[in-house]
Amino acid sequence: MPDAFMHAILLACGLLLIGFALRAGVGLLRVLYVPAAVVGGVVGLGLIQGLLRVDAIAGFATEVSGVLSKWPGFLISVVFAGLLLERSSKSLADTAVGTAKQGVVAWLIILGQVTVGLLTVLLVLKPLGLLDADVPGSFGQLIETGFAGGHGTAAAMGEVFASLDFTAGRDLGFFFATYGLIYGTLSGIVLVNIGVRAGWLAQRSGETADLQTADLQTAADTGLEPRRAPKPVAFGRVGGQVIDPFVFQVLIVGAALGVGYGLQQLFLAATGLVATERAMGFIDNIPLFLFALVGGWIVREVLHAMKLGDLIDPPSVQRIIGFAMEFLIVAAIASLRVEAIATYFAPAVVLLIVGSLWAIVGLVVIGRWLLPRDYWFELGLINYGMSTATTAQGMLLLRIVDRDLDTPAAETYAAAAPLTAPFIGGGILTVAGFPALIAYVGLAATAGICLAGMAMLLVMGYFLRNR
């Protein structure tokens, strides 16, 4: 395993270098603003899939892919541990309404995935005979399972499908999650280009806007920062003779992550005293990144209370977040498990088309209508990535248009995450609530309940819209 870990590190570094070279040399990639990590990840995906088909080295490829597949879950926690470290202590209060809007939008998008999926099964797939009668109505949850949930939710829902005597459900969930990653990246980049050209990005004023536009064009043409005015990427807060200043910032982020992990363990221990074994199976799936976000806030507030808040260097924290994001993206794409499910290919394709279209509606209709007007597109891109694959994918799309996280988009998304993550998109409603409703009240009634829920959310959105 240590050898596999070293090989995975070397492979990821090599893929990022290859991605950078291709990004700088291939015109189409420059025009589409495709990040080097995405290019390298796609190269890695093709390489690993090719090695898996060579018997002599298939075991090696499996080990390396297995190591890479474990990185995203940890690295996204590093990203969220740093998000609130670099923000002022009043930023959450300033974005309270934006947080509420984001919560409503996230619920609308994910609950909409369940609704359109169930309605497609009820009104299209079963009437046309594309699904056998013994296939459970929860088949319609595959959009939410694979898109908003991802591979982790696919594994959890696999157990639910198995209890419903639908063992192919787990494989289909992974297929949807894999498609979502690929579709979310490609379609997201197309939408980014549309947004840039349509003027949907958050507005900058004066010289800053001109420089940002020029720098964006230079980066698109060469892949390099303008040499005329190089800028520092971090600042020292402690003496280098004591400890390297950047390492000190890494320790602060590590402290935030450690506090988050401690909070997660305390939460699991406390709920274990009162929750049933079945409930704990759901609670155990609450991701670490939510607790890491709180850990970052606690560390920041403690340092400020001790009059040591100035020891945090926001540009350094941004570099740490960027480091985690680059390796997260290349590892996530390179380690995809590409599986085709022949038996259910036709109904799966129908659901994939419906889910793909709904994701676009979530960005350009729901997001544009309700999210904060100043940065709706940036925040909507995170939602788009989340609703097609992972939060990390949304952060990838955000960084294309907001490289240094200048807008409050990432912070607003993070602040609203506790309103959705424990419940839908892989939460308790996904793995327990909706399957139970379908089993006890039927597919049609469950779809009706979901529609009623969306109507209530739209009413809430209407009252929030102009605030």
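Biologist: What does the secondary structure of the protein come to, in helices and strands?
Modeller: Keep in mind that this is a predicted model. Going by its secondary structure, the protein comes to 20 helices and 0 strands.

Biologist: And what share of the residues of the protein count as buried?
Modeller: A residue has to stay under 20% relative accessible area to be called buried. The protein has 467 residues, and the share of them that count as buried is 51%.

Biologist: How much of the contacts with a separation of 6 or more comes from residues 24 or more positions apart?
Modeller: Take the contacts in the protein with a separation of 6 or more. Residues 24 or more positions apart account for 80%.

Biologist: Let's pick out a helix. How far apart are the end C-alpha atoms of helix H9, and what span should they have?
Modeller: Helix H9 covers residues 168-198, which makes 31 residues. At 1.5 Å a residue it should span 45 Å, and that agrees with the distance between its end C-alpha atoms, 43 Å.

Biologist: Which residue just after H9 takes a positive phi?
Modeller: Most residues other than glycine have a negative phi. Here the residue just after H9 has a phi of about 75°, and it is a glycine: Gly-199.

Biologist: Trp-200 pairs with another ring. Which one, and is the pair stacked, edge-to-face or tilted?
Modeller: The count of aromatic pairs comes to 16. In one of them, the ring centres of Trp-200 and Trp-376 are 5.4 Å apart. Planes under 30 degrees apart would be stacked and over 60 edge-to-face. The planes here are at 55°, so the pair of Trp-200 with Trp-376 is tilted.

Biologist: How many residues apart in sequence are the parts that this pair ties together?
Modeller: Trp-200 sits in the loop between H9 and helix H10 (206-222). Trp-376 belongs to helix H16 (residues 376-388), so the parts tied together are apart in sequence by 176 residues.

Biologist: Are Trp-200 and Trp-376 buried or exposed?
Modeller: The cut-off for buried is under 20% relative accessible area. Trp-376 has 8% relative accessibility, so it counts as buried. Trp-200 has 17%, so it too counts as buried.

Biologist: Which residues do ring pairs link into a cluster?
Modeller: There is a cluster linked by ring pairs. Its members are Phe-147, Phe-175, Phe-176, Tyr-179 and Tyr-183.

Biologist: Phe-147 also has to do with Gly-355. How far apart in space are the two, C-alpha to C-alpha?
Modeller: Gly-355 is in helix H15 (residues 345-370), and with a relative accessible area of 1% it is buried. Leaving aside neighbours within four places in sequence, Gly-355 is in contact with Ile-143 and Phe-147. Gly-355 and Phe-147 are 208 residues apart in sequence, but in space their C-alpha distance is 8.1 Å.

Biologist: What about Gly-41: which residues does it touch, not counting those up to four places away in sequence?
Modeller: Gly-41 lies in helix H3 (residues 36-51) and counts as buried, at 0% relative accessibility. From Gly-41 to Ile-329 is 288 residues in sequence and 7.0 Å in space, C-alpha to C-alpha. The residues that Gly-41 touches are Val-330, Ile-333 and Ala-334.

Biologist: One last thing: is Lys-307, with its positive phi, buried or exposed?
Modeller: Lys-307 is not a glycine, yet its phi is positive, about 60°. It lies in the loop between helix H13 (288-305) and helix H14 (314-334). With a relative accessible area of 72%, Lys-307 is exposed.

How values were computed. Residues are numbered from 1 along each chain as its sequence is written. This is a predicted model: local features need pLDDT of at least 70, side-chain atom pairs count only at pLDDT 80 or more; totals for chains, interfaces and linings use all residues. Side-chain values use heavy atoms; hydrogens and water are left out. Helices (H or I, at least four residues) and strands (E, at least two) are DSSP runs, numbered from the N terminus. The expected span of a helix is 1.5 Å times one less than its number of residues. Rings of Phe, Tyr and Trp (its six-membered ring) pair if their centres lie within 6.5 Å; planes under 30 degrees apart count as stacked, over 60 as edge-to-face and the rest as tilted. Buried means under 20% relative accessible area, exposed over 50%, partly exposed in between (1.4 Å probe, protein chains only). Contact means heavy atoms within 4.5 Å.
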